[in-house]
Amino acid sequence: MRITDTSDLWWKSAVIYCLDVETFRDSDGDGVGDLQGLASRIDYLSQLGVTCVWLMPFYPTPDRDDGYDVSDFYGVDSRLGTHGDLVEVIRTARDRGMRVIVDLVVNHTSDRHPWFQAAKRSTSSPYRDYYVWRSDPPPEGEKNPVFPGEADGLWEKDEKSGEWYLHSFYPHQPDLNIANPAVRDEIAKAIGFWLQLGITGFRVDAVPFFLEVPEGEEMGDPHDMLRDIRRFLQRRSSEAVLLGEVNLPYDQQVAYFGTGDGQELTMQFDFAGMQAFYLSLVRGDPAPLAAALSSRPALPVEAQWANFLRNHDELTLDQLSDDERQEVFEALAPDESQRVYGRGITKRLPTMLGGDPRRIRMAYSLLFTLRGTPVLFYGEEIGMGENAELDKRHAVRTPMQWSPDRNGGFSSAPPSRLVAAPPGDGYAPAHVNVADQLEDPDSLLHFFRNLTSRYRISPELGWGEFEVLEHDVPGILVHSLRADVGRMVAIHNFAATPATLAFALQDEPEGTVLVDLLAADRLPLGARGEVELEVSAYGYRWLRVSRPGDGRVT
């Protein structure tokens, strides 16, 4: 690896920040966040250390699934602003060194989309084959795996034609038929449109569902679709990326990066590692996480893992065994009302951990020291909680809390007009907000700023080879990331007790020193590379390996 690669492949060392425009900042007092409000907070994101902003859907929508029911792939919802407002966000972000990626939701459309409306009007419509239909009744008792108990099966009857259309998600989200070349062309045109406006890539929603070929349709290898999109993307923009939502075990997930036949997704979220982290967290034992991270498949240099602790959906635990999932439920979501679909938790991290600042900071320190790209969900940097009175996934999609003022400084509208109500408990804006934390150097917000600044000068975190280092303290994870640009050792204590830790870096030259990037501390290695240090309860250390004469600024 050359040092110049870190800028060419910018996503390898990025800090990605996911936000929903409608809950971030309201500029016109109508109770709904908008693009002008986002533009006014770009400097805040820049100062936080964000290098890439991921926008959840802002397209025109009936808004029956928080914007994931799209009725126009080329539009901007009028509640949020205009194309001109979006371009201003992109321009302002670029001026601050940030890129913008957006959700690509092409497994399905809204049932209000003009394509589907035309498809319903006539079985001979050219748009009929944009969707997946069957004339015979679907099997009885069929379950919807995405929304069990909410969506009834996978097929919905169109009374006019007497046929049924496929919906992998809600009935108001009919699946597109990717076996139809016209549909694939429409997806490519939409991608090209947003790239032309300055977007740097896409978070691709529900990729395994998207690539499902309808029974009876001829298409060949559905992964050709992803390969075609990647090639098209690279022709239009050499820096553009595809960040995929692929919640599968590693051995199945790796296929979505592509093979020798062609590249597919640039990055994928590490769902397996995230779920193993929570199991380790509740056990006070890093072994499940260490095993998961050590089993990650090797990736080509142009690919990357995207690491996260929380996102806009429920905290899914579907890759854990039934017993493991129940163990996490009992520790982090003891009330069954905090659980959803039998697989997930509707809480944010701080409330799951009872507000314990030691465990919260240890968790995010670990996030930033894993090989891959950290992805933050808005409000994580200030420790926002959820509103348990909101339904299921919506509990964590509350307005950003900017100040202790009314509505948390999100909007000047009457509280009854807000797009969603903020929490009213100990995580209410009066207690958790940006303004107060900006004034407090010991706040979680300042802690995040420190993490991002340390991360930005440590390219080995995004590029390095991962290795778990052996030692004899069970509750502590010690891992190393090594690349041509340097090496770092990260230490994280999952246990509630402090410990004296000893380990060795036997392959480092004499005179090597470990420099703590989060504290003023330098630890010389012994003659055999050994070092001993103290680690506090739920403590963490970032130790850069400084070799004699390497000249690296630490």
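A search of the whole structure, which is a predicted model, finds 35 aromatic pairs, where rings of Phe, Tyr and Trp (its six-membered ring) pair if their centres lie within 6.5 Å, and where planes under 30 degrees apart count as stacked, over 60 as edge-to-face and the rest as tilted. One of these is the edge-to-face pair of Tyr127 and Tyr130, with 4.8 Å from centre to centre and 65 degrees between the planes. Tyr127 is partly exposed, with a relative accessible area of 29%, whereas Tyr130 is buried, at 8%; buried means under 20% relative accessible area, exposed over 50%, and partly exposed in between (1.4 Å probe, protein chains only).

Tyr250 and Trp305 also form an edge-to-face pair, 5.4 Å centre to centre and with 65 degrees between the planes. This pair links distant parts of the chain, since Tyr250 lies in helix H9 (residues 250–253) and Trp305 in strand S12 (residues 304–307), 55 residues apart. Helices (H or I, at least four residues) and strands (E, at least two) are DSSP runs, numbered from the N terminus. Both Tyr250 and Trp305 are buried. Elsewhere, ring pairs join Tyr17, Phe24, Tyr44, Phe377, Tyr378 and Trp402 into a cluster.

We turn now to helices. In helix H11 (residues 287–294), the buried residues include Pro288, Leu289, Ala290, Ala292 and Leu293, and among the elements that cover the buried residues of H11 are H9, helix H10 (271–283) and H14. H10 and H11 pack at an angle of about 160 degrees with their axes 7 Å apart, the axes being lines fitted to C-alpha atoms, for helices over the stretch in contact, and the angles running from 0 to 180 degrees between N-to-C directions. That makes H10 roughly antiparallel to H11, because angles over 145 degrees count as roughly antiparallel, under 35 as roughly parallel, 65 to 115 as roughly perpendicular and the rest as oblique.

The axes of helix H14 (residues 357–369) and helix H16 (residues 444–456) come within 10 Å and cross at roughly 20 degrees, and these two helices are therefore roughly parallel to each other. In their contact (heavy atoms within 4.5 Å), Ile360, Arg361, Tyr364, Ser365 and Phe368 of H14 meet residues of H16 including Leu444, Phe447 and Tyr455.

Residues are numbered from 1 along each chain as its sequence is written, and side-chain values use heavy atoms, with hydrogens and water left out. Local features need pLDDT of at least 70 and side-chain atom pairs count only at pLDDT 80 or more, while totals for chains, interfaces and linings use all residues.
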